[in-house]
Amino acid sequence: MTPLQSWAVWAGTHPLATWGAGLALVLAATLAARGAVLFASPRCAPWLGRWSEPRHAVPRLWMALAVSGLLLWGCAEILGELADEWSDTTHWAHLDETLAATLRAHAGVPTLTLFARLTHAGDKEVLAVLAVGVAAALWWRRHRLLAAGWVAALAGNGLLTRGFKHAFERVRPEHVHGISAADGYSFPSGHSSSSLVAYAMLAYLAVRLLPVRWHLPAVLAAAAVTFTVGWSRVVLQVHYASDVLAGWVTGGIWLTCCVLVMNGVGRWHRSRLPVAA
């Protein structure tokens, strides 16, 4: 048995401990990333200030669109590589199958019931209500660009994920416990990509609109919910681990594209406003 398969057996036998350890790692990585951003910001401020001048607004917008196009092309390439790496003959495919089989054998009803409840944070119905509520609040507060970007991020991610699912046509793992069920294709995980985009976008909006004291809690909460939804899909055996990874890649790249374009459009719009005398 390879080290990857040994880890898969342990994780499948201890899904709650794996969830806790994964949460700790994700939150630590989020804190480290935030620290790196805070460390780099003062050093990048002079260059960013010059690049933020109104005369650069149009080039910034075109650059954002070009970078977004490249990122989406890269996303398709990455997912293609992941699909190949998790083919039937690789060690990674054995990890997928070993983890799914171990969970089928060892995940009890209380554990499955817990994760069946947690996974609702990524359900289409929950995110649809969230999308409408946040969009309405932003529009009412006259944050029209943010409202449009929020809607585009969630709707576009759904279309992108669905397109990838039909491109790869991977069958879901067997799940016969009856506590949670899913149909359709498996790769990439729609719950994983949608939850990342929705809750990370909420954190982005919090950083843009709320006082500083709310920034870190919002970012940490988004990271925790995103990881929890992804792991819940594996524990419930409705997705392979590679499906969830592909969902996070898809959602992360799409979110980056949306933020780049929103910032580019915002600066272009502000450059067109008349300068006060």
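Helices here are DSSP runs of H or I with at least four residues, numbered from the N terminus. The model is predicted, so local features need pLDDT of at least 70 and side-chain atom pairs count only at pLDDT 80 or more, while totals for chains, interfaces and linings use all residues. Residues are numbered from 1 along each chain as its sequence is written, and side-chain values use heavy atoms, with hydrogens and water left out.

**Stop 1: helix 7**

Select residues 144–168. Phe164 and Phe168 sit four residues apart in this helix, so about one helical turn separates them. Show both rings. They form a tilted aromatic pair, 6.5 Å centre to centre with 45° between the planes. Rings of Phe, Tyr and Trp (its six-membered ring) pair if their centres lie within 6.5 Å; planes under 30 degrees apart are stacked, over 60 edge-to-face, and the rest tilted.

Now color by accessibility. Buried means under 20% relative accessible area, exposed over 50%, and partly exposed in between (1.4 Å probe, protein chains only). Phe164 is buried at 11%. Phe168 is partly exposed at 28%.

The expected span of a helix is 1.5 Å times one less than its number of residues. For the 25 residues of helix 7 that gives 36 Å, and the end C-alpha atoms are 36 Å apart, which agrees. Step past the end to Glu169, where phi is positive, near 50°.

**Stop 2**

How many aromatic pairs does the structure hold? There are four. For another of them, select Trp19 and Phe115: this pair is edge-to-face, at 5.3 Å centre to centre and 70° between the planes. Trp19 lies in helix 2 (residues 15–51) and Phe115 in helix 5 (residues 109–118), so the pair links distant parts of the chain, 96 residues apart. Both Trp19 and Phe115 are buried.

**Stop 3: helix 9**

Select residues 215–235. This helix has 21 residues and reaches 31 Å from first C-alpha to last, close to the 30 Å expected. Is helix 9 mostly covered or mostly open? Mostly covered: 15 of its 21 residues are buried. Gln237 follows helix 9, with a positive phi near 65°.

**Stop 4: Val67**

Finish in helix 3 (residues 57–85), where Val67 is found. Val67 is partly exposed, with a relative accessible area of 32%.

Conventions:
Helix = DSSP H or I, 4+ residues; strand = E, 2+ residues; numbered from the N terminus.
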